[in-house]
Amino acid sequence: MIAFWSFAGPMADFHGWAPQDGPAKRNLIGKTSHPKILKEGVYGRHGFHTTTNTLDGKMEAYEARPKDKGSYPGIVVLMEAFGLNDHIKKVTERIAQEGYVAIAPDLYHRESERVVLYSDLQKAIGIMNRLQDPKVMDDVGAAIAHLKSQSIVKAGSIGVTGFCMGGRFTYLS
């Protein structure tokens with residue numbers, strides 16, 4: 001089992017991913033400077049920016065893959081209200097480290113401002129409130145189609161996870 005957590009506001013720098021048991025947990029032993037906070041450098045950057053087609057045109061996304069060759073299940077990572085920021089990119093990379101091809105679509109791709117600081121909750125809520133459920137579901141469908149088109153993704157093995165606002169869209173998916 002894997003537990004996810006994320007905080008906004010004064011705790012915005014405290015984000016985590018905690019493998020509850022198994023090899024992932026063993027791989028993290030001795031790689032943190034604090035028992036509850038994983039260092040950014042542990043995972044490194046092995047993700048990349050990509051685009052996929054939606055009914056409204058191109059949508060940017062962030063994709064990460066396991067380092068080893070093989071065939072893996074896919075995960076769509078739906079962002080929180082603050083946009084496709086570094087935190088969501090790191091989460092996407094961590095999911096890839098666990099053996100998934102992960103893609104985080106930029107659900108704000110129709111907006112002029114697409115990433116909001118954690119300290120500006122009102123702005124994030126304003127952008128979030130302009131989203132339209134049918135368009136977001138089209139975006140999620142485009143991210144799923146992108147994963148299905150990748151030869152590295154196991155057929156029939158695609159899931160969706162999300163955080164805060166993205167959790168609601170996960171439920172709708």
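# Close-up views of the predicted model

**View 1. Arg65 and its partner Glu63.** With a relative accessibility of 25%, Arg65 counts as partly exposed. That label sits between buried, which means under 20% relative accessible area, and exposed, which means over 50% (1.4 Å probe, protein chains only). Arg65 forms a salt bridge with Glu63, and their closest N and O atoms are 2.9 Å apart. A salt bridge here is a side-chain nitrogen of Lys or Arg within 4 Å of a carboxyl oxygen of Asp or Glu. Glu63 itself is buried, at 1% relative accessible area. This is a predicted model, in which local features need pLDDT of at least 70 and side-chain atom pairs count only at pLDDT 80 or more, while totals for chains, interfaces and linings use all residues. Residues are numbered from 1 along each chain as its sequence is written, and side-chain values use heavy atoms, leaving out hydrogens and water.

**View 2. Asp56 and Arg110 join two loops.** Here the closest N and O atoms of the Asp56–Arg110 salt bridge are 2.6 Å apart. Asp56 is in the loop between strand 3 and strand 4, and Arg110 is in the loop between strand 6 and helix 3 (121-130), so this pair ties together parts 54 residues apart in sequence. Helices (H or I, at least four residues) and strands (E, at least two) are DSSP runs, numbered from the N terminus. Both partners are partly exposed: Asp56 at 41% relative accessibility, and Arg110 at 33%.

**View 3. Glu113 reaches Lys123 in helix 3.** The closest N and O atoms of this salt bridge, between Glu113 and Lys123, are 3.3 Å apart. Glu113 belongs to the loop between strand 6 and helix 3, whereas Lys123 lies in helix 3, so the pair ties together parts 10 residues apart in sequence. Glu113 has a relative accessible area of 34% and is partly exposed; Lys123 is partly exposed too, at 35%. The model's salt bridges come to 10 in number.

**View 4. The two sides of helix 4.** Helix 4 (residues 133-148) has 16 residues and reaches 22 Å from its first C-alpha to its last, close to the expected 22 Å, which is 1.5 Å times one less than its number of residues. Its buried residues are Val136, Asp139, Val140, Ala142, Ala143, His146 and Leu147. They cover an arc of only 155° around the axis, which puts them on the same side of helix 4; the arc is that of the directions from the helix axis to the C-beta atoms. The face turned away from the buried side carries the exposed residues Pro134 and Lys148. Among the elements covering the buried residues are strand 7 (153-162) and helix 5 (165-172), where contact means heavy atoms within 4.5 Å.

View 5. Two strands pair if DSSP finds at least two bridges between them. Strand 5 and strand 6 run parallel and are joined by 3 bridges; Gly74 stands opposite Val101 in strand 6.
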